[in-house]
Amino acid sequence: GDLVINLDRHQVIKAGLTVQLTPTEFRLLQVLAENAGRACSHEMLLRRVWGEDYRHCAHYLRLYIGYLRQKLEVDPTQPQHFLTETGVGYRFQP
């Protein structure tokens with residue numbers, strides 16, 4: 001589609017243009033992409049991206065999912081790739 005993720009090169013391309021992500025944004029994207037199509041719990045994402053001490057800091061996750069949606073979705077208000085799984089977490093839909 002319009003989004004290409006190269007995890008080995010730490011490169012993200014949207015509509016043919018390279019998108020700059022912060023290290024934290026890229027780590028979150030990487031975890032979601034590695035689990036593409038599967039719901040990832042808030043706790044799992046927080047542990048894998050921020051570490052064990054942050055497993056209860058869901059506001060970090062909401063904030064960074066918002067950043068990814070702003071940078072990578074065609075319309076961040078109608079996400080097609082970064083989907084909220086109510087009561088669970090988030091799912092990346094390639």
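Me: Is His 10 buried or exposed?
Reply: His 10 is exposed, because its relative accessible area is 54%, where buried means under 20%, exposed over 50% and partly exposed in between, with a 1.4 Å probe and protein chains only. This is a predicted model, in which local features need pLDDT of at least 70 and side-chain atom pairs count only at pLDDT 80 or more, while totals for chains, interfaces and linings use all residues. Residues are numbered from 1 along each chain as its sequence is written, and side-chain values use heavy atoms, leaving out hydrogens and water.

Me: And where is His 10?
Reply: His 10 sits in the loop between β1 (3–6) and β2 (11–14); strands are DSSP runs of E with at least two residues, helices runs of H or I with at least four, numbered from the N terminus.

Me: Switching topic, how many aromatic pairs are there?
Reply: The structure holds five, counting rings of Phe, Tyr and Trp (its six-membered ring) with centres within 6.5 Å; planes under 30 degrees apart are stacked, over 60 edge-to-face and the rest tilted. For Tyr 54 and Tyr 60, the ring centres are 5.6 Å apart and the planes at 50°, so this pair is tilted.

Me: What about Tyr 64 and Tyr 67?
Reply: Their ring centres lie 5.0 Å apart with the planes at 80°, so that pair is edge-to-face. Both residues belong to helix α3 (residues 58–72), three residues apart, about one turn of the helix. Tyr 64 counts as buried at 19% relative accessibility, whereas Tyr 67 is partly exposed at 34%.

Me: Which residues do the ring pairs link into a cluster?
Reply: Trp 50, Tyr 54, Tyr 60, Tyr 64 and Tyr 67.
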